[in-house]
Amino acid sequence: MAEQLSADVVVIGSGICGSLAAQKIAQTGASVLILEAGPRVDRGTIAANFRNSPRKNDFMSPYPFSEWAPHPIYQPEDNGYLEQAGPYPYPAEYIRMVGGTSWHWAAQAWRMLPNDFVLQSKYGVGRDWPISYDDLEAFYYEAEVKMGVSGPENNGSPRSKPFPMEPVAMSWLEQRFRDRLATGGYEVITNTTARNSRNYDGRPACCGNNNCMPICPIDAQYHGGLAAAAAEAAGARMVTNAVVYRIEHDAKGRIAAVHFYNPDKQSTRVTGKQFILAANGIESPKLLLLSTSEKYPNGIANSSGMVGRNLMDHPSNSLTFEVDEPLWPGRGPMSPASIQGMRDGDFRSTHSAFRLDISNSNRTQAVTTGLIKEGIYGEELERRIRHQAAHQVSIKNVLEQLPNPENRVTLSDRKDKLGIPTPRISYSIDDYVERGMVESSRIYEDIARLMGGTNLKHSPQGKYSNNQHITGTMSMGHDPKDSIVDAYGRTHDHENLFIASTGIMPTVNTVNSTLTAVALALRTADHMIKAGLT
């Protein structure tokens, strides 16, 4: 007979959203069980893995690949975990281990703008959210305190309380971009980040390692591993290497249990009063679609047929150029500052909003690789490495993408080692994004001019990268016919199943999705507690 476990609240996924929701609920005295598909790995091991990796430009290389809980890998070759159905590739990167993908994020923790919640009402495109900015503001602050967020006070998002700390000191590169672009009317502001500028919550201040991705070696930057530890400290129990493959319901449609495999494919049934699905925007819909039954032939929470649909990210391209003074990128955070003036406006009716990120990543490896490919060696190589590493910079756009039901996650015919179907991704880039790309390229050229730019190198035309901000696949909304969860993250179809994930965001706006997803998860936990559901 299969082993059984039970708890008041069962959380599927130990990433930053699931762990912080679990912590909040466990602090009330309720029993909380977290099921994590992957293993537990400590920061020291991850940092050592990166030091020893031959692929320093591969941010996934330090993170373990588990055959029982596979994730996408693209270097040195694509492992084929995600089946690409096209027409445009969507090479998502994420980590399946305790703490999830925020182990290797850039820690950008922007709030959305009030108008981002009413995109359809105000601009006639996209969708409106079932909540307003004001509904989320207190939970934004709660998330910022937990994560240790700092940023400029005047960044477009109203605040009822100041940031927990001051921003990390500006690098020389940031100062020079700020001063020189101001002459052209561009305001460069320090990024809002979950990165310590002083000792905070037992962790040290940023010391400028310029290693924010793939791992901050000193934990000056918040991540899901810290969130998971906080959940366990509050009393939550963690079960690792527990790959949930089925959600079970009773005759009334309530969730009765979930089933997971261990690496040897031994099955365990886990019962609970309430369930929170907190995997990412690809793995969560995959599990819902897997969990079919006679009552729910299209999967759990999918009476609308919308599970997996409206996949969104932030398409990006970039410009690399040389400035006319030495800035020596590589000292301080990798992504220190941005230009925010294009995040909102009437233009959103016709083209995507965007922000521009200024990179401070060390350029030595990229420069050296490029010069060697050109056949440069000896003293000339050394001279040009020194010059280009000091003068070469990069900027990129981060564009809003509208929800499109044909951009979606489904199940492929492929199966992993445990016999579980892998995800199939259908994805495209529409004219709304393309028009935003044109406008951002015009601004690229202006920025390069103001910086005395030479040797301008744009990304290949029509080739965009995603930013691993996986949203939209389980959208929240008032209408069960076109959404998966309500305003509190409760699924319309199952009264005791909640979802805490970037996937419930109905639109993607222009900023990294993590802080908003955490705020939503904390709001869900708050609702469950106040409603006596825990």
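**Figure 1. Strands β13 and β14 pair in the antiparallel sense.** In this predicted model, 5 bridges join β13 (residues 408-415) to β14 (residues 421-427). Strands are DSSP runs of E with at least two residues, helices are runs of H or I with at least four, and both are numbered from the N terminus; two strands pair if DSSP finds at least two bridges between them. Arg-408 has Ser-426 of β14 as its bridge partner. The two strands form a hairpin with 5 residues between them, and Gly-419 in the turn has a positive phi of about 85°. Strand β3 (residues 83-87) also joins β14, running parallel to it over 4 bridges, with Gln-84 partnered by Ile-425. In β14, 7 of the 7 residues are buried, where buried means under 20% relative accessible area, exposed over 50%, and partly exposed in between (1.4 Å probe, protein chains only).

Residues are numbered from 1 along each chain as its sequence is written. The model is predicted, so local features need pLDDT of at least 70 and side-chain atom pairs count only at pLDDT 80 or more, while totals for chains, interfaces and linings use all residues; side-chain values use heavy atoms, leaving out hydrogens and water.

**Figure 2. Strand β8 pairs with both β7 and β16.** β7 (residues 255-261) and β8 (residues 267-277) run antiparallel and are joined by 5 bridges. Ala-257 has Thr-271 of β8 as its bridge partner. Between these strands the hairpin has 5 residues, and Lys-265 takes a positive phi near 65°. With β16 (residues 497-499), β8 pairs in the parallel sense over 3 bridges; here Phe-275 is partnered by Leu-497.

**Figure 3. Helix α6 has buried residues covered by other elements.** In α6 (residues 224-233), the buried residues are Gly-224, Gly-225, Leu-226, Ala-227, Ala-228 and Ala-231. Their cover includes α1 (16-26), β2 (32-35) and β5 (237-239). Gly-235 follows the helix and has a positive phi near 115°.

**Figure 4. The largest nonpolar core has 83 residues.** A nonpolar core is a set of buried Ala, Val, Leu, Ile, Met, Phe, Trp, Tyr and Cys residues joined through side-chain atoms within 4.5 Å. Val-32, Leu-35, Met-147, Val-258, Ile-276 and Leu-288 touch the most other members. Helix α11 (residues 514-530) gives the most to this core, with 9 residues. A second, separate core of 40 residues includes Tyr-90, Val-323, Phe-354 and Met-437. Leaving aside residues up to four places away in sequence, the residues that Val-258 touches include Val-10, Ile-12, Leu-35, Val-244 and Phe-275; contact means heavy atoms within 4.5 Å.

**Figure 5. Cys-206 is in no disulfide.** The nearest cysteine sulfur, that of Cys-212, is 6.1 Å away, whereas a disulfide is a pair of cysteine sulfur atoms within 2.5 Å. Cys-206 is partly exposed, with a relative accessible area of 23%. Cys-17, at 8% relative accessibility, counts as buried. A search of the whole structure finds 0 disulfides.

**Figure 6. The protein chain has 11 helices and 16 strands.** The radius of gyration is 23 Å, close to the 24 Å that the globule rule gives for 534 residues, so the chain is as compact as a globular protein of that length. This radius is taken over C-alpha atoms, and the rule is 2.2 Å times the number of residues to the power 0.38. Of the 534 residues, 61% count as buried.
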